[in-house]
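Please look at the sequence and the structure shown here. The paragraphs after them go through one part of the fold step by step.

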Amino acid sequence: MIFTLLADVPVDPDSAEAQRWVIQELSKPEYRAAQPTWFDRASKAFLDWLQSLKIDSGPGVQGPILILALIVIVAALVAAFFIFGAPRLNRRSAASGILFGDNDARDAAAMRRAAEDAAGRSDWVLAIEESFRSIARGLAERTLVTVSPGTTARDFAARAGIVLPGFAERLSTAASAFDDVRYLGREGTESAYSDAARLEKDLRALRPAEQSTVGAP
């Protein structure tokens with residue numbers, strides 16, 4: 001009975017002990033789970049910024065102005081994504097994986113060697129395919145043109161031609177040759193492979209400082 005009464009007596013810890021108990025209590029998983037995430041904090045900061053915008057034209061204008069500001073910001077982010085592509089942290093992963101419908105983790109050099117090996121066996125269909133794949137993977141590795149799982153050969157050639165206008169016509173020709181042998185069942189030719197191989201070599205030799213002058217008179 002005495003021990004029971006002693007156990008019920010309220011404790012009176014000193015300040016250091018009380019602080020330690022509070023830290024231990026707040027470190028429990030249920031308290032950590034309740035803390036706001038970085039997204040929560042970023043969202044709140046953004047909303048606070050929107051609410052801080054003050055318009056002196058009257059109370060009826062405040063809402064539409066905030067909505068317009070939000071639309072402008074979202075539109076700018078979307079435009080930046082399409083102009084500059086995915087963030088650089090993701091581009092490395094975008095330079096490997098699915099390419100023109102196939103799951104292919106090889107780098108551009110491996111694809112080029114495969115094209116040369118196929119050409120040595122006069123397998124022009126495979127040689128053309130691997131050459132064009134090497135072109136696409138090489139530009140993706142250099143973050144000049146992004147390649148997503150849904151990118152087609154012609155789409156890639158069109159976007160690469162915008163970045164490298166001096167190669168636009170040759171890129172379009174190589175993409176047509178790739179589609180011919182891969183999807184239309186046409187026979188490849190040594191000439192088509194040679195053109196693609198020379199294009200791949202010229203693009204590989206292009207230095208970053210020259211990219212802005214490609215296609216200039």
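This is a predicted model: local features need pLDDT of at least 70, side-chain atom pairs count only at pLDDT 80 or more; totals for chains, interfaces and linings use all residues.

Begin with helix 8, which covers residues 124-141. Its 18 residues should span 26 Å at 1.5 Å a residue, and the C-alpha atoms at its ends are 25 Å apart, which agrees. Helix 8 is mostly covered, with 15 of its 18 residues buried. After helix 8 comes Thr143, whose phi is positive, near 55 degrees.

Next, turn to helix 11, made of residues 190-205. How do helix 8 and helix 11 pack, and at what angle? Their axes are 9 Å apart and the angle is about 20 degrees. An angle under 35 degrees counts as roughly parallel, so helix 8 and helix 11 are roughly parallel to each other. The crossing of helix 8 and helix 11 is left-handed.

The contact between the two can be followed residue by residue. From helix 8 come Trp124, Ala127, Ile128, Ser131, Ser134, Ile135 and Leu139. In helix 11 they meet Glu190, Ala192, Tyr193, Ala196, Ala197, Leu199, Glu200 and Leu203. Sorted by class, this contact of helix 8 with helix 11 has 11 nonpolar, 2 polar and 2 charged residues.

The crossing of helix 7 and helix 11 is left-handed. On the side of helix 7, the residues in contact are Arg112, Ala115, Glu116 and Ala119, and they meet Tyr193, Glu200 and Arg204 in helix 11. By class, the residues of this contact of helix 7 with helix 11 divide into 3 nonpolar, no polar and 4 charged.

Finally, consider Ser131, which lies in helix 8. Is Ser131 buried or exposed? The cut-off for buried is under 20% relative accessible area; Ser131 has 5%, so Ser131 is buried. Leaving aside residues up to four places away in sequence, Ser131 touches Ala115, Tyr193, Ala196, Ala197 and Glu200. Among these, Ala115 belongs to helix 7, while Tyr193 and Glu200 belong to helix 11. Ser131 and Glu116 are 15 residues apart in sequence, and their C-alpha atoms are 8.3 Å apart in space.

Technical notes. Residues are numbered from 1 along each chain as its sequence is written. Side-chain values use heavy atoms; hydrogens and water are left out. Axes are lines fitted to C-alpha atoms, for helices over the stretch in contact, and angles run from 0 to 180 degrees between N-to-C directions. Helices (H or I, at least four residues) and strands (E, at least two) are DSSP runs, numbered from the N terminus. Angles under 35 degrees count as roughly parallel, over 145 as roughly antiparallel, 65 to 115 as roughly perpendicular and the rest as oblique. A crossing is left-handed if the near helix is turned anticlockwise from the far one by less than a right angle, and right-handed if clockwise. Contact means heavy atoms within 4.5 Å. Ala, Val, Leu, Ile, Met, Phe, Trp, Tyr, Cys and Pro count as nonpolar, Asp, Glu, Lys and Arg as charged, and the others, Gly among them, as polar. The expected span of a helix is 1.5 Å times one less than its number of residues. Buried means under 20% relative accessible area, exposed over 50%, partly exposed in between (1.4 Å probe, protein chains only).
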